[in-house]
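Biologist: Please give me a close look at one part of this model, the site that its database record points to, and then show me what lies around it.

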Amino acid sequence: MLLFRATYLRSFSKPLPNLLKSRTCPQLNMSKKRKISAGVPENTRSESPPTVKALTRCEWASEYAGAGSKEYIHYHDTEWGRPVHDDKILFEFLVLEGAQAGLSWATILKKRSAYRTAFKGFDIDAVTAFGDKEVEALLAPESGIVRHRGKIKSAINNAKLAQEIVKEHGSFSNYMWSTFLPNGKPIVNKWTCLSQVPSKSDLSGEMSKTLKKRGFNFVGPTTCYSFMQAVGMVNDHIAGCFCYSICCDLGR
């Protein structure tokens, strides 16, 4: 048992390159392993995360490359998997999940504050008004975000499409929840270990296809599944994680 424990701990002593391009549970490629600030509603997001070492968490929050930081654990404990119905936050995660493509979630979390400033608090109408001048400003080093022209222009394009959806359905939230989860309730999985968590699903494939048909970019099936996990459309906390029951209660 002691030999196993020592071997297990050594296996996480150095970051593994293939874990840095996760698209589901942050930092973990499940397909290979087999893959708050202002604006966060108080009824779904905890302001005071529990003591780091006192509770059982999903492994990705503390044991994988780039994890274990205060920001990372706070994100797991207070945001990931909790149902979101706020348009600004939904749009924020749509942008951030798209920005993560090819990068680690830890990188995006470190830049999150800069993203909120750069994209006007993720106000859909404000981002819709961005033009070439704003794009060039966001490509400058001082913007603090991922300086990828395609991802930046995609965020602006997606804002315009989200604005159209708001006009059609009353809110971006109404559209996302009613279109892909007709009963308005999150999908609650009962995984017992991280290796069971998928990187995509039939539903995320349907979401990807539907959004792409409307003109959205950077919304592949894996990105859509990560989005669904982040905003609580899917509860993929491991059943033994203390957040699992919290998210179940919030989704009822």
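Modeller: Axes here are lines fitted to C-alpha atoms, for helices over the stretch in contact, and angles run from 0 to 180 degrees between N-to-C directions. Helices (H or I, at least four residues) and strands (E, at least two) are DSSP runs, numbered from the N terminus. The model is predicted, with local features needing pLDDT of at least 70 and side-chain atom pairs counting only at pLDDT 80 or more, while totals for chains, interfaces and linings use all residues. Residues are numbered from 1 along each chain as its sequence is written, and side-chain values use heavy atoms, leaving out hydrogens and water.

Let's begin with the site. An unreviewed UniProt entry lists Cys58, His76, His237 and Cys241 under "binding site" (positions follow the numbering used here, feature names are shortened, and annotations may be inferred rather than shown by experiment). These residues are spread over 184 residues of sequence, yet they cluster in space, with 10.3 Å as the largest C-alpha distance.

His76 belongs to helix H3, residues 70-78. With a relative accessible area of 0%, His76 is buried (under 20% relative accessible area; exposed is over 50%, partly exposed in between, with a 1.4 Å probe and protein chains only). Not counting residues up to four places away in sequence, His76 touches Cys58, His237 and Cys241 from the record's list, and also Arg57, Trp60, Ala61, Phe242 and Cys243 (contact means heavy atoms within 4.5 Å).

His237 sits in the loop between strand E2 (234-235) and helix H13 (242-251). Like His76, His237 is buried, at a relative accessible area of 0%. Leaving aside neighbours within four places in sequence, His237 is in contact with Cys58 and His76, as well as Trp80, Gly81, Cys243, Tyr244 and Cys247.

Now step back to H3 itself. This helix is largely enclosed by the rest of the structure, because 7 of its 9 residues are buried. Besides His76, the buried residues are Tyr72, Ile73, His74, Tyr75, Asp77 and Thr78. The cover over them includes H4, helix H5 (105-110), helix H6 (112-118), H12 and H13.

Two of those covering helices also pack on each other. H4 (residues 87-100) and H12 (residues 221-230) meet at an angle of about 140°, with their axes 9 Å apart. H4 and H12 are therefore oblique to each other (under 35 degrees is roughly parallel, over 145 roughly antiparallel, 65 to 115 roughly perpendicular, and the rest oblique). H4 brings Leu90, Phe93, Leu94, Glu97 and Gly98 to the contact, and H12 brings Thr223, Ser226, Phe227 and Ala230.

For a second example, look at H10 (residues 172-180) and H11 (residues 202-214), whose axes come within 11 Å and cross at roughly 130°. This pair is therefore oblique too, and the crossing is right-handed. Tyr175, Met176 and Phe180 of H10 meet Leu203, Glu206, Met207, Thr210, Leu211 and Arg214 of H11.

Ser171 lies in the loop between helix H9 (149-169) and H10. Ser171 counts as buried at 14% relative accessibility. Not counting residues up to four places away in sequence, Ser171 touches Asp87, Ile165 and Val166.

Notes:
A crossing is left-handed if the near helix is turned anticlockwise from the far one by less than a right angle, and right-handed if clockwise.
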